[in-house]
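Reader: I would like to learn how to read a few features of a protein model. Please give the general idea each time, then the case at hand.

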Amino acid sequence: MLFDMRLPVFGLAFVFVAIATLFAFEWHDPIIGALAAAAVLLTAARLWTMQAFKRAGAAASLNQLKRWELRYAIGTCGFALLLAGLNVRALTYHQPLMHLITVSLVFAFGAGVVSRTSVRPRICIVSLLLATVPTIAALAAHAFSNHGAMLHTQLFAIQALLLAMITTLSLQSVGHLYRSAVQHHTIEHDMAQLAKHDALTGLANRLLLRDRFQDAVVHALRKGENVAVHYIDLDGFKAINDHHGHPAGDSLLQQVSRRLEATVRAEDTVARLGGDEFVVLQAGVAQNGEAEMLARRIIKKLSAPYAIDGASMSISASIGIAMMPDAGRDLERLLSRADSALYRSKTGGKGRAHFCKREDAPGDHRAVA
């Protein structure tokens, strides 16, 4: 959002430079001329920074993003100081129309910075105060200068008070807009989490699993590696659910989820498809032995006793494994082939892991609990 405002930045700077240049030539004022030249250089730097961010921002790390944000803050605060400088200098002259125009620039800057920078309140507040506080002070000082015009003191004092009031209201608006933005992004994040994560365990659901699978396939094909799909079913879960109730079953599923996450690598994905069925997507597999070793670790990890409501409970796990690309390159086909292998693991004694075979027909099998 900060770096997507090139037109407002250019537009306000163009008006600033035009007005400052006009006044510099009219009153032969080198200070106002210097402010106009500084605005040209600063705006060019700001626009270049915004364009550079567009090229590098998507791949930037958190620390790099902080540095980009600092550059944006420096540019915004720098322009605020130029605005203040123009008004302080303009108010050394007794030219009410000139003052009207230069103070209007501060109002325009304030409206823009509040509307587009409130997502970063520190940048917004600092830049707003840098532009308004010196201008308010200059207006107040000019109000008490001796020019002999009717209502001179009163009108300039009112203008200073008006700018101070609007600044205060703008600061309150920053807080409101920031809280609204945080609430909006929080809700958006929560909705995205619900859409791609299992509500009970917090694991990936089928939708997120499909996205991670596509990424893993692209990476594997580029490096000449394989992807293993482990289809996991818990042995004995139905008995625990029936005898101890659904709350105990839910607690068990949550503990199983944490154990699975602790067993796999960061680049692997653990998903829950529903009930007591889980899938582990193992990326970057060089040979089948690596998939078999992970399956054995999962079985050992899940077979350790669980403490639920003060009681010790035990289950085991059966696993069916399908390898990409040997068993296919489509996730649904791999899941179906892994499910067939899982069926053989369950009927072969449970607590086992089998790779799918060529004769495994795609299709779901009802596993024996």
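Reader: How many aromatic pairs does the structure hold?

Author: Some ground rules come before the count. This is a predicted model, in which local features need pLDDT of at least 70 and side-chain atom pairs count only at pLDDT 80 or more, while totals for chains, interfaces and linings use all residues. Residues are numbered from 1 along each chain as its sequence is written, and side-chain values use heavy atoms, with hydrogens and water left out. Rings of Phe, Tyr and Trp (its six-membered ring) pair if their centres lie within 6.5 Å; planes under 30 degrees apart count as stacked, over 60 as edge-to-face and the rest as tilted. The structure holds nine such pairs.

Reader: Why is the pair of Trp 27 and Tyr 93 called tilted?

Author: The planes of the two rings are at 40°, so the pair is tilted; the ring centres are 5.7 Å apart. Trp 27 is in helix α1 (residues 6-27) and Tyr 93 is in the loop between α3 (62-90) and α4 (96-117), 66 residues apart, so the pair links distant parts of the chain. Helices (H or I, at least four residues) and strands (E, at least two) are DSSP runs, numbered from the N terminus.

Reader: Are Trp 27 and Tyr 93 buried or exposed?

Author: Buried means under 20% relative accessible area, exposed over 50%, and partly exposed in between (1.4 Å probe, protein chains only). Trp 27 is partly exposed because its relative accessible area is 26%, whereas Tyr 93, at 19%, counts as buried.

Another tilted pair is formed by Phe 79 and Phe 109, at 6.0 Å centre to centre and 40° between the planes. Phe 79 belongs to helix α3 and Phe 109 to helix α4, 30 residues apart. Both are buried. Ring pairs also link Phe 3, Phe 53, Trp 68 and Tyr 72 into a cluster.

Reader: Which residues is Thr 135 in contact with, leaving aside its neighbours within four places in sequence?

Author: Contact means heavy atoms within 4.5 Å. With those neighbours set aside, Thr 135 touches Ala 84, Asn 87, Leu 91, Val 103, Val 106 and Leu 163. Thr 135 sits in helix α5 (residues 121-143) and is buried, with a relative accessible area of 0%.

Reader: Where does Tyr 231 lie, and what does its side chain join through a polar contact?

Author: A polar contact is a pair of N or O atoms within 3.5 Å; within protein, one must be able to donate a hydrogen and the other to accept it, and residues adjacent in sequence count only if both atoms are side-chain atoms. Tyr 231 lies in strand β1 (residues 226-235), and a polar contact of 3.1 Å joins its side chain to that of Glu 277. Tyr 231 is buried, at 7% relative accessible area. Its contacts beyond four places in sequence include Leu 273, Phe 278, Ile 319 and Leu 342.

Reader: At what angle do helix α8 and α9 pack?

Author: Axes are lines fitted to C-alpha atoms, for helices over the stretch in contact, and angles run from 0 to 180 degrees between N-to-C directions. Helix α8 (residues 237-244) packs against α9 at about 140°, with the axes 6 Å apart. Phe 237, Ile 240, Asn 241 and His 244 of α8 meet His 246, Ala 248, Gly 249, Leu 252 and Leu 253 of α9.
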